[in-house]
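Me: Could you take me slowly through a structure, telling me how each feature is read before we turn to the case itself?

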Amino acid sequence: MKPEFFGILRSPVLWLALVFTAVLPLWLPSYYLHMATLALVYVGFAYAWNIVGGLTGQVSLAHSLFVGIGAMLASALLLRLGINMWVGMLIAALVSGMAGAVIAWVDYRFRLGHLSFALITLAFAEVGELVVLGWDFLGGASGLYLPKDQGNLQSFQFGGSSGYFWFLMLLAVLALGVNLAILNSPLGFFLRAIRGNEGAAQAVGVNVLRNKMLAMAISAVLCSLIGTAYARYLTFADPYLLASPNLTIEIVLLATIGGVSSAFGPLVGAGLLIPIGEMLRGHFGSMLPGLHYFIYGLLLVVVIIALPQGLAPAFSRLYRRFSN
Amino acid sequence: MIEIESLVAGYGQVPVLHDVSLKVAQGELVGLLGANNAGKSTLINCLSGTVRPRQGRIRFKGEDITNLAPHKIVDLGMIQVPEGRLVFPQMSIRDNLMLGGISARARKQRRQRLEQVLETFPRLQERLDQHAGTLSGGEQQMLAIGRGMMAGAEVLMLDEPSLGLSPLFVQYIFETIAKMHRMGLTILLVEQNSSLTFRHASRCYVLEQGRVAIDGPTEVVRNHPATRKAYLGM
């Protein structure tokens with residue numbers, strides 16, 4: 001591990017931000033707490049995706065598959081077979097990790113280019129959604145309603161919105177930590193090489209297959225863990241939300257707008273855009289049908305055109321300018 | 001050191017190499033010549049494991065490496081410097097060089113080798129923390145060769161090192177190749193620049209449409225009527 005990793009861990013800004021986020025449930029009204037919880041879910045998803053999309057440079061559109069496995073499989077194991085949701089979460093994560101590794105193997109075996117990789121991963125996501133919709137065990141089209149939360153932690157119940165906020169915050173921090181750890185480890189070095197030039201990486205002896213499989217599996221496991229927690233938070237495993245390829249598009253958008261080349265891009269992207277989207281819905285949703293979507297879309301277009309590298313690098317430049 | 005027997009390879013349905021056999025002895029500098037699409041790069045890619053042959057055998061120091069993964073071939077000490085340099089543009093020159101020394105056999109001597117590379121290519125020393133993408137074509141070629149040196153190569157397979165470089169840089173790169181050869185490195189040089197290859201190689205192979213058309217000591221290949229016609233316009 002590079003010393004920079006421990007430098008970031010020692011940063012007072014990081015710890016202040018964590019403490020500030022952790023105390024939010026103590027004073028935030030329930031609507032805004034829900035918004036913050038959603039933001040954490042998407043921060044986690046965006047960081048998980050960033051391992052493949054940002055660090056390895058492969059635009060994966062398969063990530064709704066992993067979220068779907070985490071949400072639908074863990075819920076189905078609980079409701080159909082009575083398997084504790086903690087255990088279900090781990091089983092689903094294992095299945096997601098294996099699915100991720102298989103997708104990475106297919107990519108390597110058939111030497112897929114960027115466009116083919118995006119399309120193949122999208123096909124995996126579509127197949128995943130179709131399987132969920134067509135298989136009653138996983139809830140089919142009507143989804144799965146989870147039992148009412150009674151605050152029993154052993155049964156994966158966190159006793160209300162504050163509990164879910166803290167658990168999802170833990171998962172988002174885990175996803176951020178994994179990103180930072182990979183960035184500052186030999187795996188990150190190899191993934192950057194693969195992103196820079198796969199042919200050259202192979203020529204210098206980087207084990208491209210192993211590193212790609214590892215990156216995809218780690219990313220899939222993280223998505224799956226957050227997917228399980230998200231479904232439990234919503235108390236409803238909705239296939240049209242949690243297994244839909246639209247979810248991946250949202251994740252890719254948030255990570256990209258935040259800045260895929262930056263360690264804090266997914267945090268900035270999801271941390272800002274999810275609350276903004278929710279606020280726009282709150283303020284403009286009832287004025288004119290679709291107006292909030294229009295404004296949100298317009299905002300995204302402006303950001304993409306004005307800041308093609310993403311928000312985080314722009315904030316970082318601003319910070320440097322002011323600190324100088 | 002390297003023995004290729006009756007190699008057949010291609011991409012998808014398109015055959016490129018037909019029954020190619022070739023040998024490189026330890027300490028030799030062997031030239032592999034041929035026009036565009038003759039199959040030179042495919043042959044070198046088969047040697048480095050990035051293209052899987054359909055038939056035939058490749059042996060390195062007596063060991064069959066025909067279907068070995070590319071990183072395992074690097075571990076054995078067969079290093080390819082790919083055509084078009086292929087550096088990592090967003091990484092610093094230092095990181096590019098360090099990546100050259102990631103194999104198990106090279107890791108222990110990375111620092112020493114880095115010094116050697118920087119001694120061989122002082123221009124890289126001045127720009128160690130600069131992004132590789134900002135280097136000129138010639139400097140990128142130095143970096144690509146330096147990366148190969150970092151791997152502690154026993155055999156260096158250079159794919160068109162003169163491609164797209166100014167005559168001055170070509171001269172410099174070939175002098176460096178000759179120097180590495182004098183230091184005992186085995187080199188397989190894939191080139192279109194026949195005059196420079198003839199000057200440095202002890203033996204040559206000429207590929208034509210995926211087959212070995214001519215092979216032998218450099219003098220024999222150079223004076224072969226077909227070579228003179230194809231390369232020297234005589």
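Reply: In helix α16 of chain A, the residues A:L311, A:A312, A:P313 and A:A314 are buried, where buried means under 20% relative accessible area, exposed means over 50% and partly exposed lies in between, with a 1.4 Å probe and protein chains only. This is a predicted model, in which local features need pLDDT of at least 70 and side-chain atom pairs count only at pLDDT 80 or more, while totals for chains, interfaces and linings use all residues. Residues are numbered from 1 along each chain as its sequence is written, chains are lettered from A and ligands numbered from 1 in the order in which they are written, and side-chain values use heavy atoms, with hydrogens and water left out.

Me: What covers the buried residues of α16(A)?

Reply: The cover includes α13 (245-258), α14 (265-284) and α15 (291-306) of chain A; helices here are DSSP runs of H or I with at least four residues, strands are runs of E with at least two, and both are numbered from the N terminus.

Me: How is a pair of aromatic rings described?

Reply: One gives the distance of the centres and the angle of the planes. Rings of Phe, Tyr and Trp (its six-membered ring) pair if their centres lie within 6.5 Å, and planes under 30 degrees apart count as stacked, over 60 as edge-to-face and the rest as tilted. The structure holds 16 such pairs over all chains. The rings of A:W86 and A:F156 have centres 4.7 Å apart and planes at 80°, so this pair is edge-to-face.

Note on methods: Contact means heavy atoms within 4.5 Å.
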